[in-house]
Amino acid sequence: MRLELRGITKRFPGVIANQNVSLVVEPGEIHALLGENGAGKTTLVNVLYGLYQPEEGEIRIDDQPVTFHDPGDAIAAHIGMVHQHFMLVPVFTVTENVMLGVESVRGPLGLLDRPAARRRIIEISERHNLRVDPDAVVEDLPVGVRQRVEIIKTLYRQSDLLVLDEPTAVLTPQEDEELFEIMRSLQASGTSIVFITHKLNEVLAIADRITVLRRGRVVGTTTPAEATRESLASMMVGRSVDLIVDKTPAKPGGPVLEVAGLVVRDDRGHVAVNGLDLTVHAGEIVAVAGVQGNGQTELVEAITGLRHPVSGTITIDGTAVHLAPRNVFEAGVAHVPEDRLEDGCVPGFSVADNLVLNTYYRPPFSKGIRLDLGAIERSATELVANFDIRTPSVFNDIGNLSGGNQQKVIVAREFSRPVRLLVAAQPTRGLDVGSIEYIHRRIVLKRDEGAAVLIVSTELDEVLALADRIAVMYQGRIVDIVDPERATPELIGLLMGGSAPSVAEAAAAAAPAADGEGAG
Amino acid sequence: MTGERPPEQPATEATPANAPAPAETPRPTRRVMAMLGGAARGLLVPVLAVLSAFVIGAFVIVLSDLTFFERLGQDPGAALGTALGGVGTAYGALLRGALGDPTAYVDAIASGDVEQVKAAFVPISETILAATPLIFTGLAVALGFQCGLFNIGAEGQLFVGATAATFVGFAVTGMPWFVHLPLAIIAGFIGGAAWGFIPGILKARTGAHEVIVTIMLNYTAYNLVGFILKFPGYQREGRSDPISKVTEASAWYPPLIEGLRANWGFVLALLAAFAVSWFLFRSTKGFELRAVGFNAPAARYAGMSIAASTVLAMMLSGGLAGLAGTSVVLGITHSMTSGISPGFGFDGIAIALMARSRPRGIIFAALLFGALRAGSTPMESATGIPGDLVVVLQALVIMFVAAPALVRGIYRIRVPETTGTEVFSKGWGS
């Protein structure tokens, strides 16, 4: 299928999300849509998928203009979309999920024809190496496999053009590679793919053509052969970007955070952190690398007092803190939580209120039981300037800011006071290159001021860029501590996937030296 | 992609050529405009809701006249004319009953007779009187909303508060009014707060949903109060029906103007609105309460206690409902019966919704409902249209306010695609 978008303009009140966007996706092409958060990528594909109606412009398929009133029209035109958040029914099997909405029936009673659907699924999965058990229940499947189910769903509906919205956000590096294999296989069979991402390496690895969006407009179209990471980054951001975090070697002091024999259960009562030991010294950044769901969330929640450990000790500066969020905070711990909208800020509150979310009860922000709104506003105005938070005013609802600016509000709040220990979980998840660069610099600055820093990240690039020591977490334990000097993405990836350290090192050493990007 | 939103504002480094141009007005102007626009938008839906309710109410008036259809067959023009005239008369009577008769004002002032002037002001006084308990219950429900709690139990809290205030009103004797009245008011507040404490602590400790618990506690309160009203020492001597002793005059809210029924309970209600506003938006506890209401996990992360905020909000909410009870028993009936509230606690829910949980808005919404109530009897006696029409009007107002999308649809108000719907209370279906 040849897809053409001509002059698409989509306005929201006060903003133009897409302005005169044109692009062409040739049959069998992998077309990357690259841009910062808020650049209008999602709006554009939502227009393409019939979720939004553009004010101007047209969509042409094989040179015929088409109009999509809803996703049903887009599906009928053989466009398939894999959303970042999967649209699957957890208690249904793979087959049931795939046939949902296009059920084939048999017999006079109109019974579901599962065997026929199952046969087609097996056929599709074999053709494109989409390994999946059609009888497995979706809730038992790992994230990477669920994504394959989503892809099968679109192929089952005979999509000739596939839109993948940030597909790698939830995958391990090894799973990324498997996904790319699948994409190449689809491409070989003539399927066009629109691939949304803000990760530069991926674009260069897989795309045939790259369209970069910035502030709702197309800033350029290029190919991996012509582009470099640096050129793409500066196209996205509109200025040159420092992709390598500038930092001097760490000068570690005494231990600040000491965790010993920690056992924590998750919400379902399963042991998530299983006898973990970890020490973080003043003036060093320890990054915990791991695939999501290996106990990192529970580890951070235990350290910050949000979850009671089953056993083990956590001490800060040698003293055991009674673990409640306020005690931990008063012991000098700053926490950038993993889920910023869920835990980190209060949408509906202003930027100023969010900046005092955990200090509102202390002077200078309160006088007795009275809030000092003047002091809160002055401090907020200063932080907004210092941390480059882009908001029309400090009184604006934080819920209306972009993800990057929300994260900057949280970073400003947590970084603007003297802290002994900084715990930051996924500090740059979903952020654009400019914001990532900025937040990384602030983290290094905090380290240089003598704070102990614990970073938890599933982004390998981030771990490699920031860490003075890399602690790889797998199934609730730290399986290895790696010096970033000798860490490669392959080694960390293997450790994250559960290979024993000795095996992983041997395998990584045997692998051909990779491009080494990101190992700054 | 979850968090991705359309770009909000141009970045500072953006070259003008590349940046899409959102609003171009300079910033200070933009802020003022935004504030004004916000206020106007906030008022638009309630005002249109009231208007729509009256339009539909007019149809109800016309259609409830059974002779209308008969006459419509004979002489459509005349029938429609009388129908419209009837609507005009009814609404006119309603308005006069709620706000007074302009000619009566003019005549009274011209005559210079104090009694006549007072008589002219009776409708306004009745409106204020009817609005007083509604302000309290509106505030009670709104305070709960701000903490993410849906207090359906204001009615029960009102009854318990009124019972306690009445007890202090008749049991304490020989006190000057400036001691006795505050004591009785405080008793009313504590009674309501105690009744609000129960769902609060149950929610905080066990997670029991406050909607279920408060509904059930309403029934418990009715029956508990019924029991107390028959209790020797509480029940009025020589009576076999459930009615309390008469409270001492020293515990009554003094009238605002001698001879009119509107009393200082209204002033207390205005002060309560101010106090609630200050508490919610200017105090540390109010900050906690609202943070818990908007996003409990973030409040917990910030070191606030969700349990403490829940209990505090329910107690304050109950206390305000208790004050509504005092405004009836110390301001109107001067004794306690099981019939002191025609549903003030439930009207409070509608008022809080209509005012979007803002104390200032609650005053206006309560005055509107009070005016409808005060105007219903004069309308009925003047036109024969049942006072129940007012209940229909209230229900329609509530319906339109609860469905802002409907009002926006009818009047074709454009709403920003990015704004979500207002969430008053979380917890349904959780």
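Select helix α6 (residues 154-171) of chain B together with helix α12 (residues 306-333) of chain B: their axes, which are lines fitted to C-alpha atoms over the stretch in contact, come within 7 Å and cross at roughly 55 degrees. The two helices α6(B) and α12(B) are therefore oblique to each other, a word kept for angles that are not under 35 degrees (roughly parallel), over 145 (roughly antiparallel) or 65 to 115 (roughly perpendicular), on a scale from 0 to 180 degrees between N-to-C directions. The crossing of α6(B) and α12(B) is right-handed, that is, the near helix is turned clockwise from the far one by less than a right angle.

This is a predicted model, in which local features need pLDDT of at least 70 and side-chain atom pairs count only at pLDDT 80 or more, while totals for chains, interfaces and linings use all residues. Residues are numbered from 1 along each chain as its sequence is written, and chains are lettered from A and ligands numbered from 1 in the order in which they are written.

Staying on this pair, colour the residues in contact, meaning that their C-beta atoms, placed from the backbone, lie within 7 Å; among them are Phe159(B) and Gly161(B) of α6(B) and Leu323(B) and Val328(B) of α12(B). By class, this contact of α6(B) with α12(B) has 12 nonpolar, eight polar and no charged residues, where Ala, Val, Leu, Ile, Met, Phe, Trp, Tyr, Cys and Pro count as nonpolar, Asp, Glu, Lys and Arg as charged, and the others, Gly among them, as polar.

Next, select helix α9 (residues 264-282) and helix α14 (residues 359-383) of chain B, whose axes come within 8 Å and cross at roughly 155 degrees. That angle makes α9(B) roughly antiparallel to α14(B). The contact includes Leu270(B) and Val276(B) of α9(B) and Arg360(B) and Ile363(B) of α14(B), and its residues divide into six nonpolar, one polar and one charged.

Now move to chain A and select helix α17 (residues 489-496), where eight of the eight residues are buried, so the helix is largely enclosed by the rest of the structure; buried means that 20 or more other C-beta atoms lie within 10 Å of a residue's own. Among the elements covering α17(A) are α6 (173-188) and β15 (285-289) of chain A. Just after α17(A), Gly498(A) takes a positive phi of about 105 degrees.

Finally, show the open sheet of four strands in chain A, with the order β14-β13-β16-β17 and antiparallel pairing, for which at least two DSSP bridges between strands are needed. Its edge strands are β14 (271-281) and β17 (319-320) of chain A.

Notes: Two residues are in contact if their C-beta atoms, placed from the backbone, lie within 7 Å. A residue is buried if 20 or more other C-beta atoms lie within 10 Å of its own, exposed if 12 or fewer, and partly exposed in between; C-beta atoms are placed from the backbone.
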